[in-house]
Amino acid sequence: MDLSKRKFKEDFKKMLTEVYSMDISESESTEQFFTLGNLLRSYSSKNWSRTNQQYIEKQKKQAYYFSMEFLLGRMLKSNLLNLGILDTVRNGLQDFGIDLEQLITIEPDPGLGNGGLGRLAACFIDSMATSEIPAHGNGIRFKYGLFKQKFVNGYQVELPENWLQNGNVWETRKMHAAVTVRFYGKVWLEQNAAGVLEPHYSDTQDVLAVPYDSAVIGYDNSTVNTLRLWSAEIPPKDDITDYWSYIHQRNQIESISEVLYPDDSNYEGRLLRLKQEYFFVSAGIQSILRHYKKMHLHMNHLAEKVAIHINDTHPALCVPELMRLLLDEEHMDWDHAWNVTVNVMSYTNHTIMSEALEKWPIDMIRSLLPRIDQIICEIDRRFTMKMSTLFESALVERTRIVEGGNVKMAHLAIIGSHSVNGVAQLHTTILKEKVLHDFFLIYPSKFNNKTNGIAQRRWLMLANEPLRDLIQRKIGNEWETTPTELNMLKAFRDDKDTLHELAQIKQLNKERFAEYIKQTMNLEINTDAIFDVQIKRLHAYKRQLLNLLHILSLYFKIKDDPQADIQPRVFIFGAKAAPSYTYAKQIIKLINSVADLINQDRELENKLKIVFVENYGVSLAEKIIPAADVSEQISLASKEASGTSNMKLMLNGAITLATLDGANVEIRDRVGDQNIMIFGLRENEVYQYYRDGSYHSRNYYERNPVLHRILDALIDGTIPGAEAEGHSIFDSLVQYGDEYFVLRDFDSYAAVQERIDHLYRDTLKWQRMALINIAGAGIFSSDYTVQQYASQIWDVSSKVHPL
Ligand code: 7GP
């Protein structure tokens, strides 16, 4: 938008007076933040209503991204950037003596997600608006986001994250768009006067779903889409007879949107979770149909105007819920309703971890959602009947929805969708050949790949302004909207000045991060050291443990020979563990104890440090990633569906140290073997071990003296404070088979780490690799990913043609 500094300053002063009756000199950061937030809302409001109007007028097909999680991060700077007024506002505020960087910290970091899946959803909505795709987010307005992590004595402690405490400046409550969601009760079918079977309900518990809408502002265009998050409330009543039972009921209802479940890649079959899933699914679909009806088209044409995306299985009840509405409210017959439903729905799988696959006890569904239960059973009956004529019975049994008293949500999502996609090439191949092979035999054409992506606006333009400036000076700014243009940077691969500048920028970012760590953790880190970063959820398959064992090997090397020629390192970890995931929490404690051991040792000063940041989330990622030299992507091959921190780190010039897992494979293809550090078992070797059962981790402990010594350190008191954890982790690796092949991959990991140690010494060579990584990262922009979803899955328009 066009905005002069003068106009902005006038607007800001006026808004401050209107809202707070204050002068700038009287105002504090909080008032200033809310004033700016309100101002941005007013700047984008016209485009927001115009975008909606246009969608209606042109009868545009719209996509709705249903996701339990949207891990947005702070929105102030991102909105300023997308509106094109970041510098104007920064300068205007400066004239008032207000520092924008300080102001942004007033905004809480909305942690409405666990990890990759939720952050992907946030990158996607940004990219959808930027690519002018008519698509919106639909989710839950959790009162409490993902817990706040604290370390007490090295242990993870979880505290509530009350992000809404001071209100959310970006949202608008839309009472007129509220809908009712029904739980429990009895349902029966009765013929009406016209002879049509109609469902009747009694004794239901009704919940009012109230939407809170936020603007999703496109970058450098006039598109403003909507993120709609639902909040659960008690429906208004004017006949309250028992006050206390009313309060009780109210609390029970409000608990539905109270708190995000903190499990990542893990399934817990709790009733409240099922309520949450149905709640936002039913509310979302009801509101979509309400909107659709404004176009006065027959329901048979729904799929021509509406696409609904099921982000992992959490919203899989979309399938029976749309069926319910089409059958019961719109009186369609089953076959037509089913045809519409399948054409509307599409589904993404985000993990192959079997513990993440949702299965709900059919009895739980029957009591909570009696009509949905009937519909699921009927879908299942028809599926098995039809498939029995085409496939062997064992395959039909394996693929049916209701089995062993459980509803398999992935099966429901696959059967009820026209498209099923994985999130990286390797992941999709594994789905087709292994995890979902039976379904691939039944529906080969449903399967497709959409490799994940990241929003380069947040992860480069905002997080790393010095790098952004350098890129702009070298190749202009075409890449901001056509990210593969970053390729042009390759022309500078041998340009010493550019490479030196790159090195300087990295150094600056490292110094900034070091300063932050000094302030927040009271820890000094050597900025000449290699900053070696592993930031992601704590999960055994991601193998933070492998990283830690290698750190211990360096520790012993230096202790044995204080003069050892080792490049100084700072190992940076950020990771939350699910509160019920004991093993992951033990690993956190162990890392913290090793950190204490190393960080307090004078002999290691400036050579080795561990920084385990508390409460890792989007805002911390924005500080860490620009400062990273090495990007640890070391999951056991076949286990990480894609990964997205690998893309963010690469875009910021870190060198990837990786197994050939998830999207690492595509990163390797992009930058070439010379510019990435690959190690470890390949996916087919892992499966070979599974088949022949020939991996015996104990042999590695017994036969590899380096490993032997490191593993003994876990149990012989070398690491004070973590004796119990050390024993338990030792046992998991040596005694109980080492499920994720940590010991098997150790040597190959350590060897590559040593190569990194040498490579880093040659600054030009290192920065040349960094430059090639930055140049190659464009293809991993979520702009391209959503453009492919738009054209290949949703069939909705988008501005730029897909690659
Ligand atoms: C994650 C995957 O672990 C990660 O590899 C991928 O990059 C990301 O999704 C986005 O596709 N999965 C989750 O965050 C998750 O909770 C369980 O999966 C359903």
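Me: In this predicted model, why are helix H21 and helix H28 called roughly perpendicular to each other?

Reply: Helix H21 (residues 544-560) and helix H28 (residues 705-713) pack at an angle of about 100°, and angles of 65 to 115 degrees count as roughly perpendicular, so H21 and H28 fall in that class. The axes of the two helices are 10 Å apart.

Me: Which residues of H21 and H28 meet?

Reply: From H21 come Leu-549, Leu-552, Ser-553 and Phe-556, and they meet Val-706, Arg-709, Ile-710 and Ala-713 of H28. By class, this contact of H21 with H28 has 6 nonpolar, 1 polar and 1 charged residues. Because Arg counts as charged, Arg-709 of H28 belongs to the charged class.

Me: What makes strand S13 and strand S14 the edges of their sheet?

Reply: The sheet is open and has 3 strands, in the order S13-S15-S14, with antiparallel pairing. Strand S13 (359-361) and strand S14 (402-403) each have a single partner strand, so one side of each is left without a neighbour in the sheet.

Me: What makes up the contact between domain 1 and domain 2?

Reply: The domain assignment gives domain 1 (59-74 + 109-452 + 786-794) and domain 2 (456-682 + 745-779), and their centres, taken over C-alpha atoms, are separated by 35 Å. To the contact, domain 1 gives 39 residues and domain 2 gives 32 residues. On the side of domain 1 that touches domain 2, the elements giving two or more residues are helix H6 (116-130), strand S3 (148-152), strand S4 (155-159) and helix H16 (425-435). That side of domain 1 divides by class into 12 nonpolar, 17 polar and 10 charged residues.

Me: How do you know that the shell around the ligand draws on domain 1 and domain 2?

Reply: At least three residues of the shell come from each of domain 1 and domain 2. The ligand is surrounded by 19 residues, the closest being Gly-116, Leu-117, His-350, Ala-641 and Ser-642.

Me: Which classes do the residues of that shell divide into?

Reply: The shell around the ligand has 5 nonpolar, 11 polar and 3 charged residues. Because Gly counts as polar and Leu as nonpolar, Gly-116 and Leu-117, both listed among the closest residues, belong to separate classes.

Terms used: Residues are numbered from 1 along each chain as its sequence is written. This is a predicted model: local features need pLDDT of at least 70, side-chain atom pairs count only at pLDDT 80 or more; totals for chains, interfaces and linings use all residues. A residue is near a molecule or strand if its C-beta atom, placed from the backbone, lies within 6 Å of it. Domain bounds come from an automatic or database domain assignment. Two strands pair if DSSP finds at least two bridges between them. Helices (H or I, at least four residues) and strands (E, at least two) are DSSP runs, numbered from the N terminus. Two residues are in contact if their C-beta atoms, placed from the backbone, lie within 7 Å. Axes are lines fitted to C-alpha atoms, for helices over the stretch in contact, and angles run from 0 to 180 degrees between N-to-C directions. Angles under 35 degrees count as roughly parallel, over 145 as roughly antiparallel, 65 to 115 as roughly perpendicular and the rest as oblique.
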